[in-house]
Structure formats: structure tokens, C-alpha cells
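User: Hi, I have a new structure open and could use a guide. Can we go through it together, beginning with the aromatic rings?

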Amino acid sequence: MGTIQSVSTFFGYPKRQSILQLSIVEIFLQTNRFKLKNLCATRWVDRHDAVILFEELQPAILHALDKITLWPDSDTFSSASHLLTAIRQLKFQTALVILVKILSKSFPLSRYLQTVNLDLKTALEAVSNVQNTIQEIRENCDIEMKISEKIKGKFKQLVETYQDIVDKCTDSNLNDNLLNGELDLWYTKYSTLTSAELKNKNAIELYFQTCPNVYPIISKLLQIFITLPVSTATGERSFENLFEKFFWTNTFKWFSLT
């Protein structure tokens with residue numbers, strides 16, 4: 001956390017920030033995020049976003065720091081070199097990967113806990129889901145990653161298909177970590193159900209059981225699915241493939257969506 005905050009503070013000056021923006025544009029052809037965030041001391045959800053954003057923009061950060069080390073100013077050169085060394089340390093990279101993985105799971109919960117008039121039952125359920133998800137990662141990290149790979153690919157494809165609609169349902173800038181975190185949390189929500197219980201589920205019931213404040217992306221995708229015209233086979237197949245892989249991976253039988 002200290003290194004992330006130091007990097008954010010370092011690029012707080014206009015001249016350095018312009019170098020970072022140029023590096024971001026050069027490396028990331030399609031992005032609308034050009035500035036790092038400080039680690040807010042009071043808003044936990046902003047700390048989530050700051051860490052995840054740092055990990056996402058890390059290639060551009062390193063590129064910008066490399067450029068700044070060529071500046072003649074000795075103080076700036078020294079600070080940039082020190083930050084480069086800190087970022088490239090194995091222990092920092094290991095901690096960053098773990099931190100981003102965990103924070104991406106708890107981000108939906110942190111976001112929901114800051115909503116107005118939140119429902120206590122929904123909040124407690126979300127807390128339990130986050131706790132169970134993290135515990136599962138600790139016990140079966142290799143299995144968890146293998147389980148989610150195909151599912152997350154299909155989920156990302158769906159989000160990209162309905163990007164314009166999905167963007168309107170969340171105030172966060174979406175990336176793979178946030179998408180996967182919401183999907184993993186929703187996965188945990190239904191992982192305790194029996195095969196018989198899952199078989200009796202349908203898309204409409206799932207939609208009304210999915211809180212849009214905790215799972216805004218999944219809730220919107222379910223809403224899209226249940227309102228698709230019957231003749232729209234492409235969208236239906238995309239949703240069916242996602243849910244089929246989702247529940248077969250969890251060793252349950254796939255339930256009918258229609």
C-alpha cells in the first residue's frame with residue numbers, strides 16, 4: 001500500500017502526470033483512465049479502486065518512470081529510480097497480485113455497504129459470500145482458477161456485447177478484475193444450493209434474487225436476457241453457454257433458463 005501511495009503522490013505534479021498520460025495512451029489504445037487515485041483513508045471502496053487501477057496501469061507506470069529517470073533533475077531522477085526498484089521487487093509484485101485478487105472479490109460488498117437504505121439481510125448475505133469466496137481461494141487456489149477460466153471468458157464476452165447498456169448500471173470503470181470479482185461472488189452465492197434446487201431455477205427468478213446494488217453487471221445481463229425477443233437466438237445461446245459452464249463447473253446439473 002505504501003508503494004502504491006508513493007507512486008500516486010509522485011505523479012501528482014502536472015509535468016510528471018503528462019508523461020504518465022502519454023505512456024497510458026501509447027500502451028493502452030482504448031482506455032478512459034489517465035490518472036492514478038490516492039488511497040482514501042475513509043472510503044474503503046475508493047481504496048479498492050485505487051489498487052485495482054494501479055495494477056491495471058502498471059505497464060504504463062513503469063514506462064513513465066523509465067522516461068523520468070532520464071531527466072537531468074537529480075531529485076526527480078532519484079525518486080523515480082527508487083520507485084522503479086520498489087515496484088519491480090518480487091515481494092511487491094506477489095503482494096499486489098494477491099491484493100488485487102482479494103479486493104476484486106470484496107469490491108461489490110464495499111460498494112453496496114455505502115449505498116443509502118441498504119438491506120441488512122442482503123448485506124449479511126454479501127458478507128458471507130465474500131468470506132466464503134476468500135476461504136475457498138485460500139484452500140483451493142489452483143482449482144478456483146481452473147474453474148473460472150472458461151466462465152470468465154464467456155462472461156466478458158457477454159459484457160462486451162452489451163457494453164453500452166452495462167456501463168450505465170455501474171459508476172465504476174470496469175476491467176477484468178472487477179468483472180471476475182463480481183462473477184466469483186455470485187458463483188459463491190449459488191454454490192451452496194443442491195442439484196435439485198438449481199434445476200428448479202429460471203432466469204426470471206434469478207433476476208429477482210440478484211441484488212442490482214451488489215451484482216449490478218449480472219443483474220443487468222439477466223434483465224437483458226429475460227427481455228430478449230424469442231427470435232433472438234444469438235443472445236440466448238450466449239447466456240445459455242455461460243450458465244451451462246457456470247453450473248457444470250460447480251459439479252451441479254445445469255438448470256433450464258426457459
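User: OK, how many aromatic pairs are there?

Analyst: The count comes to three aromatic pairs. Keep in mind that this is a predicted model.

User: How do you describe a pair like that?

Analyst: A pair of aromatic rings is described by the distance of the centres and the angle of the planes.

User: What are the values for Phe-10 and Phe-11?

Analyst: Their centres are 5.2 Å apart, and the planes make an angle of 90°. That makes the pair edge-to-face.

User: Are Phe-10 and Phe-11 buried or exposed?

Analyst: Both Phe-10 and Phe-11 are buried.

User: And what about Phe-54 and Phe-92?

Analyst: Phe-54 and Phe-92 also form an edge-to-face pair. The centres are 6.0 Å apart, with 85° between the planes.

User: Where in the chain do Phe-54 and Phe-92 sit?

Analyst: Phe-54 is in helix H3 and Phe-92 is in helix H6. They are 38 residues apart, and the pair links distant parts of the chain. Both Phe-54 and Phe-92 are buried.

User: Which charged residues lie over the face of a ring?

Analyst: Arg-16 lies over the face of Phe-10, at 4.2 Å from the ring centre. Lys-15 lies over the face of Trp-71, at 4.7 Å from the ring centre.

User: Let's zoom out. How many helices and strands are in the protein chain?

Analyst: There are 14 helices and zero strands.

User: What share of the residues counts as buried?

Analyst: Of the 258 residues in the protein chain, 44% count as buried. The accessible surface is about 13900 Å², and 55% of that belongs to carbon and sulfur atoms.

User: Now the inside. What is in the largest nonpolar core?

Analyst: It has 33 residues. Those with the most contacts inside it are Val-7, Phe-11, Phe-54, Ile-61, Leu-65 and Ile-87.

User: Which elements give two or more residues to this core?

Analyst: Helices H1, H2, H3, H4, H5 and H6 do. H1 covers residues 2–10, and H5 covers 74–87.

User: Pick one of those residues. What is Ile-87 in contact with?

Analyst: Leave aside neighbours within four places in sequence. Ile-87 then contacts Thr-3, Val-7, Phe-54, Gln-58, Ile-61, Leu-62, Leu-65, Phe-92 and Gln-93.

User: What about a second core?

Analyst: A second, separate core has 26 residues. It includes Val-130, Leu-158, Tyr-190 and Tyr-215.

User: New topic: charges. How many salt bridges does the structure hold?

Analyst: It holds four salt bridges. Side chains of opposite charge can pair when their charged atoms come close.

User: What are the details for Lys-67 and Glu-26?

Analyst: Their side chains meet in a salt bridge, 3.7 Å from N to O. Lys-67 lies in helix H4 and Glu-26 in helix H2, so the pair ties together parts that are 41 residues apart in sequence.

User: How exposed is Lys-67?

Analyst: Lys-67 has 31% relative accessibility, so it counts as partly exposed.

User: What else does Lys-67 touch?

Analyst: Ser-23 is one of its contacts. Ser-23 lies in helix H2. Beyond residues up to four places away in sequence, Ser-23 touches Ala-60, His-63, Ala-64 and Lys-67.

User: Why does Ser-23 count as buried?

Analyst: Its relative accessibility is 0%, and buried means under 20%.

User: Back to salt bridges. What is the N to O distance for Asp-49 and Lys-37?

Analyst: It is 2.5 Å. Asp-49 is in helix H3, and Lys-37 is in the loop between H2 and H3. They are 12 residues apart.

User: Which of those two is buried?

Analyst: Asp-49 counts as buried, at 6% relative accessibility. Lys-37 counts as partly exposed, at 34%.

User: One more. Where do Arg-111 and Glu-182 lie?

Analyst: Arg-111 is in helix H6 and Glu-182 is in helix H10. They are 71 residues apart. Their side chains meet in a salt bridge, at 3.9 Å from N to O.

User: And how accessible are Arg-111 and Glu-182?

Analyst: Arg-111 has 15% relative accessibility and counts as buried. Glu-182 is buried too, with a relative accessible area of 1%.

Definitions and conventions. Residues numbered from 1 in each chain as written. Predicted model: local features only at pLDDT ≥ 70, side-chain atom pairs only at ≥ 80, totals over all residues. Heavy atoms only, no water. Helix = DSSP H or I, 4+ residues; strand = E, 2+ residues; numbered from the N terminus. Buried < 20%, exposed > 50% of the residue type's maximum accessible area, 1.4 Å probe, protein only. Contact = heavy atoms within 4.5 Å. Core = buried A, V, L, I, M, F, W, Y, C linked by side-chain atoms within 4.5 Å. Phe/Tyr/Trp six-rings, centres within 6.5 Å; stacked < 30°, edge-to-face > 60°. Lys NZ or Arg CZ within 6 Å of the ring centre and 35° of its normal. Areas by Shrake-Rupley, 256 points an atom, 1.4 Å probe, with all protein chains shown as cover.
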